[in-house]
Amino acid sequence: MTSDDIERRVLNTLIAQTNEFQGEWTSERTLLTVCAANGRLTEDETLSALVALIDDGLVEEDGEEYWPAEGVERVPHPGEIATEK
């Protein structure tokens with residue numbers, strides 16, 4: 001799995017954990033747990049991806065809590081078929 005794949009998985013997981021119904025920042029612990037369980041990512045992979053996403057301006061950080069930056073949307077995985085509206 002490439003670093004881009006890992007970053008996509010972490011970003012999509014973060015977005016799923018902070019949707020409009022939950023509305024709270026996602027803790028590092030929750031993100032690590034969900035990424036390990038659903039994405040089969042190690043702690044190091046998840047934290048490295050978070051650093052890259054923060055550096056790219058896609059994720060906001062507040063201590064050990066995270067939130068997708070304004071306007072950031074879920075990134076489809078390569079197997080998804082994109083359809084035009």
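Strand E3 (residues 65-68) has two faces: Tyr 66 and Pro 68 lie on the covered one, while Glu 65 and Trp 67 lie on the uncovered one. Strands here are DSSP runs marked E of at least two residues, helices are runs marked H or I of at least four, and both are numbered from the N terminus.

This is a predicted model: local features need pLDDT of at least 70, side-chain atom pairs count only at pLDDT 80 or more, and totals for chains, interfaces and linings use all residues. Residues are numbered from 1 along each chain as its sequence is written, and side-chain values use heavy atoms, with hydrogens and water left out.

Now look at the partners of E3. Strand E1 (residues 26-27) is joined to E3 by two bridges, and the two run antiparallel. Strands count as paired if DSSP finds at least two bridges between them. Ser 27 stands opposite Glu 65 in E3. Strand E2 (residues 59-62) is joined to E3 by four bridges, again antiparallel. Here Glu 60 faces Trp 67, and Glu 61 faces Tyr 66. E2 and E3 form a hairpin with two residues between them. In its turn, Gly 63 has a positive phi of about 70°.

Put together, the three strands make an open sheet in the order E1-E3-E2, with antiparallel pairing. E1 and E2 stand at the edges with a single partner strand each, so one side of each has no neighbour in the sheet. H3 packs on this sheet and touches E2 and E3. Contact means heavy atoms within 4.5 Å. The direction of H3 makes about 110° with that of E2.

Next come the helices. Two packed helices are described by the angle between their axes and the distance between the axes. Helix H2 (residues 28-39) packs against helix H3 (residues 43-55) at about 125°, with the axes 9 Å apart. Axes are lines fitted to C-alpha atoms, for helices over the stretch in contact, and angles run from 0 to 180 degrees between N-to-C directions. H2 and H3 are therefore oblique to each other. Angles under 35 degrees count as roughly parallel, over 145 as roughly antiparallel, 65 to 115 as roughly perpendicular and the rest as oblique. H2 contributes Glu 28, Leu 31, Leu 32 and Cys 35 to the contact. H3 contributes Glu 43, Thr 46, Leu 47 and Leu 50.

Terms used: Buried < 20%, exposed > 50% of the residue type's maximum accessible area, 1.4 Å probe, protein only.
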